[in-house]
Amino acid sequence: MKIDARRTLLALAATFAAAQPHAQDNNGIAKLIDLRGNVLVSQATGLAAGKDSERLMDGMRVITTSNSGAVVQFDNGCRVELKENQRFEVQRDKPCEALLAQVESMVRPTVVAAAGPAPALLTPGTAVQAGLVGLSVWRWRQNENTVSPN
Amino acid sequence: MNAALRSGIVIACLIVLWRAVEVNVVLYDDAGRPAAPAARAGGSDLPEREVLMQLVRENPANAAAYAMLARDFEAAGDTAAATRAFRSARRVAPVDHDVLAAMADHLLRHGEVAPALDVLAVLVESYSDVRDRAFAVMARTLASGQYAAQWNAILARSPPWLGAFIESACRGGLEATALAPIYLQRVAAGQASSAEGACIVERLRESGRWDQAYQLWLNTLPRERLADVGFVFNGSFEYAPLPGGFDWIVDRRTMREAGHTADFARAQGVAGQRALRVVYSPDKRQAGVPVAQFLALAPGRYQVTGMAREEGMKDGHGAQWTLRCVVEGKPQDPFAQSVRFTGSGDWEAFSFDATVAPGCTGQLLQLEPAVTGSASAFLAGTLWFDNLAARQYH
């Protein structure tokens with residue numbers, strides 16, 4: 001009887017111990033802090049407004065808009081700061097440097113090509129339609145990213 | 001005596017009038033703008049230039065004379081003197097339409113783009129009639145990326161024409177990625193209009209940049225609408241759809257034109273105050289889609305859910321919700337669809353599964369006639385929908 005009780009206790013303890021990581025999963029691996037402006041977090045039904053101290057789970061996305069920002073504070077101590085119009089996917093088992101590098105700016109002016117001829121004239125009937133084709137372009141995140149915002 | 005005096009007066013008047021006509025012919029072209037002196041073959045224009053110089057000496061505030069002088073210098077190949085003359089003209093008439101236009105033209109022709117941009121900025125600020133042409137040139141300077149200092153100065157001033165410029169440049173085909181940062185800056189300053197945003201979002205979507213389009217669109221939403229964006233936006237149909245972006249696109253044509261109407265009507269027995277109502281005419285073949293929404297779902301499995309109610313849907317096939325990938329702006333074949341809504345019934349929940357494949361970065365959710373092998377359909381009756389949503393399976 002005593003042996004049975006001990007076995008039961010051991011089984012319960014083992015079950016409890018095994019359940020710990022799972023409980024941690026459900027509780028997330030990071031939290032959203034220092035919210036400023038409009039910050040969105042992906043949920044099961046799509047994006048919703050993020051809340052201060054909201055727990056973030058693996059795979060969740062945090063998106064900031066203009067005049068907004070937030071910090072994703074991982075439980076392991078890694079701190080990822082998001083400025084306006086940035087996007088970040090919460091991921092477990094990644095070194096902090098990799099997480100920091102994962103912050104994606106949605107608005108990034110870049111110059112991509114070399115200079116060309118002068119712009120077209122204002123005079124009608126002259127070279128208005130010509131000019132500046134193939135010049136450097138101030139682009140907005142030129143790379144073709146196929147990742148959905150959701 | 002009187003007759004002689006009268007004749008003298010008439011002759012004197014005619015002489016003065018003729019002189020006035022002569023001067024005007026020399027100074028102005030047919031459109032009333034200051035005319036450039038005709039270049040003389042192979043020689044200098046000294047006499048005419050002397051006349052212009054004299055006009056300027058007599059009246060240093062004669063902007064038209066300065067402008068003509070500038071053109072004279074330019075025709076003679078003296079660009080530096082022409083530029084100086086234009087500067088003088090602008091000094092005495094800082095917002096004169098013709099001076100500004102001629103000066104911008106001159107500067108652009110001689111590759112002085114940065115100062116030309118400054119002149120154009122003043123021109124479009126003062127005169128709306130030149131905006132179409134000036135905006136086209138200005139858009140090219142923006143696209144070139146070489147005049148960041150001038151554009152930053154313009155953006156810092158945030159002139160009232162900037163919104164019109166963004167719209168014009170967007171409609172004119174300027175790369176949306178060049179306009180997006182400016183637009184977002186205006187959003188941050190609370191100055192952007194929904195029309196500007198709608199155009200840029202549409203352009204980005206058309207060019208396959210769905211994530212950027214979605215991000216930009218998020219920036220256009222009022223704060224209260226960001227509380228619950230969802231995969232399907234405004235699925236409760238409580239708010240009038242916002243133009244462009246990822247809200248509902250409701251066919252605004254009349255019953256007579258489209259064979260259907262769609263609106264967000266007050267309804268009983270549903271969550272909230274309103275629901276989507278689509279009425280199909282029994283007398284008209286339907287053309288087009290009454291309501292649709294672009295989505296930006298990440299690849300994965302989803303369940304689309306909603307509430308539906310049918311009222312006298314007589315056609316045997318009915319209507320159904322479909323999901324299609326959008327590639328290069330064109331909806332593809334459906335990859336998921338709901339049940340068909342026919343007959344009559346009370347509010348009932350419906351759902352259907354959808355798997356978004358990798359590469360399908362943008363989708364279209366739309367209500368369409370459930371017909372096969374035909375571009376049009378005959379539907380009659382009314383359909384109600386509410387609480388449309390999508391949930392991702394994990």
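1. Let's start with the layout of chain A. From the N terminus on, its elements run α-β-β-β-β-β-β-β-β-α-β-β-β. That is two helices and 11 strands. Please keep in mind as you read that this is a predicted model.

2. How much of chain A is buried? Of its 150 residues, 33% are buried. Contacts within the chain are also worth a look: among those with a separation of 6 or more, 44% join residues 24 or more positions apart.

3. Most residues other than glycine have a negative phi. Asp34(A), however, has a positive phi, near 50°. You will find Asp34(A) in strand β1, residues 30–36 of chain A. Asp34(A) counts as partly exposed because 14 other C-beta atoms lie within 10 Å, and the partly exposed class falls between 12 or fewer (exposed) and 20 or more (buried).

4. The second one is Asn67(A), again not a glycine, with a positive phi of about 60°. Where does Asn67(A) lie? Look in the loop between β5 (61–64) and β6 (69–74) of chain A. With 16 other C-beta atoms within 10 Å, Asn67(A) is partly exposed.

5. Now turn to chain B and a pair of helices. The axes of α5 (residues 97–109) and α6 (residues 113–126) of chain B come within 8 Å and cross at roughly 160°. This makes α5(B) roughly antiparallel to α6(B), since angles over 145 degrees count that way. The crossing of α5(B) past α6(B) is left-handed.

6. Which residues form that contact? From α5(B) come Leu100(B), Ala101(B), Met103(B), Ala104(B), Leu107(B) and Leu108(B), and they meet residues of α6(B) including Val113(B), Pro115(B), Val119(B) and Leu120(B). Sorted by class, the contact of α5(B) with α6(B) has 13 nonpolar residues, with no polar and no charged ones.

7. Helix α7 (residues 131–144) and helix α9 (residues 162–171) of chain B pack at an angle of about 75°, with axes 9 Å apart. That makes α7(B) roughly perpendicular to α9(B). On the α7(B) side are Arg131(B), Asp132(B), Phe135(B), Met138(B) and Ala139(B), which meet Ala164(B), Phe165(B), Ser168(B) and Ala169(B) in α9(B). The contact of α7(B) with α9(B) divides into six nonpolar, one polar and two charged residues.

8. Next, the core. The largest nonpolar core has 129 residues, and among those with the most contacts inside it are Val62(A), Val72(A), Ala104(B) and Leu120(B). Helix α3 (residues 63–75) of chain B gives the most to this core, with nine residues.

9. Is helix α12 of chain B (residues 210–220) mostly covered or mostly uncovered? Mostly covered: 11 of its 11 residues are buried. Among them are Trp210(B), Asp211(B), Tyr214(B), Trp217(B) and Asn219(B).

10. Finally, visit Gly312(B), in the loop between β5 (300–311) and β6 (319–327) of chain B. Why is Gly312(B) classed as exposed? Because 12 other C-beta atoms lie within 10 Å of it, and a residue with 12 or fewer is exposed. Still, not counting residues up to four places away in sequence, Gly312(B) touches Ser344(B), Gly381(B) and Thr382(B). The C-alpha atoms of Gly312(B) and Ser344(B) are separated by 5.1 Å, with the two residues 32 apart along the chain.

Note on methods:
Residues are numbered from 1 along each chain as its sequence is written. Chains are lettered from A and ligands numbered from 1 in the order in which they are written. This is a predicted model: local features need pLDDT of at least 70, side-chain atom pairs count only at pLDDT 80 or more; totals for chains, interfaces and linings use all residues. Axes are lines fitted to C-alpha atoms, for helices over the stretch in contact, and angles run from 0 to 180 degrees between N-to-C directions. Helices (H or I, at least four residues) and strands (E, at least two) are DSSP runs, numbered from the N terminus. Angles under 35 degrees count as roughly parallel, over 145 as roughly antiparallel, 65 to 115 as roughly perpendicular and the rest as oblique. A crossing is left-handed if the near helix is turned anticlockwise from the far one by less than a right angle, and right-handed if clockwise. Two residues are in contact if their C-beta atoms, placed from the backbone, lie within 7 Å. Ala, Val, Leu, Ile, Met, Phe, Trp, Tyr, Cys and Pro count as nonpolar, Asp, Glu, Lys and Arg as charged, and the others, Gly among them, as polar. A nonpolar core is a set of buried Ala, Val, Leu, Ile, Met, Phe, Trp, Tyr and Cys residues joined through C-beta atoms within 7 Å.
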